[in-house]
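Please read these notes with the model open beside you. They go point by point.

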Amino acid sequence: MGEVIAVYDGRGNETGSAERAEVYAEGLWHASAGVLVRSLDGRRIYVHRRTDTKMVFAGMHDCLAGGVLAPGEDPAAAAARELGEELGIVAAPADPRPLARVSWDGSWAGRPMRCHLFAYEIRSDGPITVQAEEIAAGWWWTDAQLWEHLSDPGWPFVPDTRVLIGDLLHPRDRP
């Protein structure tokens with residue numbers, strides 16, 4: 001049996017659970033929590049490239065450390081858990097500050113992908129210790145540097161994060 005994750009309806013209510021592979025194959029609504037790591041001075045954000053072995057969005061770039069919610073899991077608790085797992089930053093669920101919540105109804109690899117994304121922010125200068133199974137490489141960029149890369153529609157960036165990027169980055173730095 002594979003990993004079991006929470007299943008949601010289109011309005012964002014948890015309705016049950018299913019194996020992750022089934023959720024992705026069937027395009028079932030699910031939820032994820034992601035954390036934007038901004039430097040203590042607020043001038044830089046941590047950007048990373050996902051490994052080529054990830055089940056979804058393999059090899060793409062992202063600025064959120066995150067993952068899917070387990071059945072009954074609180075999004076803030078999931079955000080803190082994923083922050084520790086992926087970047088080695090220990091945080092209490094109350095530490096990451098809520099930023100935005102979006103619902104993304106798109107597609108991945110020719111299949112529907114539906115996710116409610118809970119986004120958070122934490123201020124930290126590290127140290128950052130990446131989980132090698134999840135993150136291939138990571139670096140610090142200014143908001144302007146990330147905006148510049150995002151202006152290229154061919155740059156491989158996680159699509160659900162792209163939907164809410166305007167809520168995460170400083171608009172004044174947009175090219």
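1. Ground rules. This is a predicted model, in which local features need pLDDT of at least 70 and side-chain atom pairs count only at pLDDT 80 or more, while totals for chains, interfaces and linings use all residues. Residues are numbered from 1 along each chain as its sequence is written, and side-chain values use heavy atoms, with hydrogens and water left out.

2. Helix H3. Start at residues 143-150, which make up H3. Helices (H or I, at least four residues) and strands (E, at least two) are DSSP runs, numbered from the N terminus. Which residues of H3 are buried? They are Asp143, Leu146, Trp147 and Leu150. These four cover an arc of only 100 degrees around the axis, so they sit on the same side of H3. The arc is taken from the directions from the helix axis to the C-beta atoms. Buried means under 20% relative accessible area, exposed means over 50%, and partly exposed is in between (1.4 Å probe, protein chains only).

3. What covers that side. The cover over the buried residues of H3 includes strands E3 (29-38), E4 (45-50) and E9 (135-141). Helix H4 (159-168) is also part of it. Contact here means heavy atoms within 4.5 Å.

4. Tyr46 and Trp140. The structure has 5 aromatic pairs. One of them joins Tyr46 and Trp140, edge-to-face, with 5.4 Å centre to centre and 75 degrees between the planes. Tyr46 belongs to E4 and Trp140 to E9, so this pair ties together parts that are 94 residues apart in sequence. Tyr46 is buried, at 7% relative accessible area. Trp140 is partly exposed, at 24%. Rings of Phe, Tyr and Trp (its six-membered ring) pair if their centres lie within 6.5 Å; planes under 30 degrees apart are stacked, over 60 edge-to-face, and the rest tilted.

5. Trp155 and Phe157. This pair is stacked, with 5.4 Å centre to centre and 20 degrees between the planes. Trp155 is buried at 11% relative accessibility, and Phe157 is buried at 2%.

6. A charge over a ring. Go back to Trp140. Arg44 lies over its face, at 4.6 Å from the ring centre. The test asks for NZ of Lys or CZ of Arg within 6 Å of the ring centre and within 35 degrees of the ring normal.

7. Two backbone details. The peptide bond from Gly126 to Pro127 is cis, with omega near 5 degrees. Pro127 is in the loop between E8 (111-123) and E9. Phe57 is not a glycine, yet it has a positive phi of about 55 degrees. Phe57 is in the loop between E4 and E5 (61-62). Is Phe57 buried or exposed? It is buried, with a relative accessible area of 5%.

8. The cavity. How many cavities of 30 Å³ or more does a search of the whole structure find? It finds 1. The largest cavity holds about 30 Å³ of space. Its lining is His48, Arg50, Lys54, Leu64, Glu86, Glu134 and Ile135. A cavity is a set of points, on a 1 Å grid over the protein atoms alone, where a 1.4 Å probe fits but cannot get out; lining residues have an atom within 4 Å of a point. Grid points are joined across faces, edges and corners, and the volume is the space filled by probe spheres set on the points.

9. Gly166. This residue is in H4. Gly166 is partly exposed, at 43% relative accessibility. From Lys54, Gly166 is 112 residues away in sequence and 25 Å away in space, C-alpha to C-alpha.

Notes. On a 1 Å grid over the protein atoms alone, a cavity is a set of points where a 1.4 Å probe fits but cannot get out, and a pocket is an open set with protein on both sides within 12 Å along at least five of seven lines; lining residues have an atom within 4 Å of a point.
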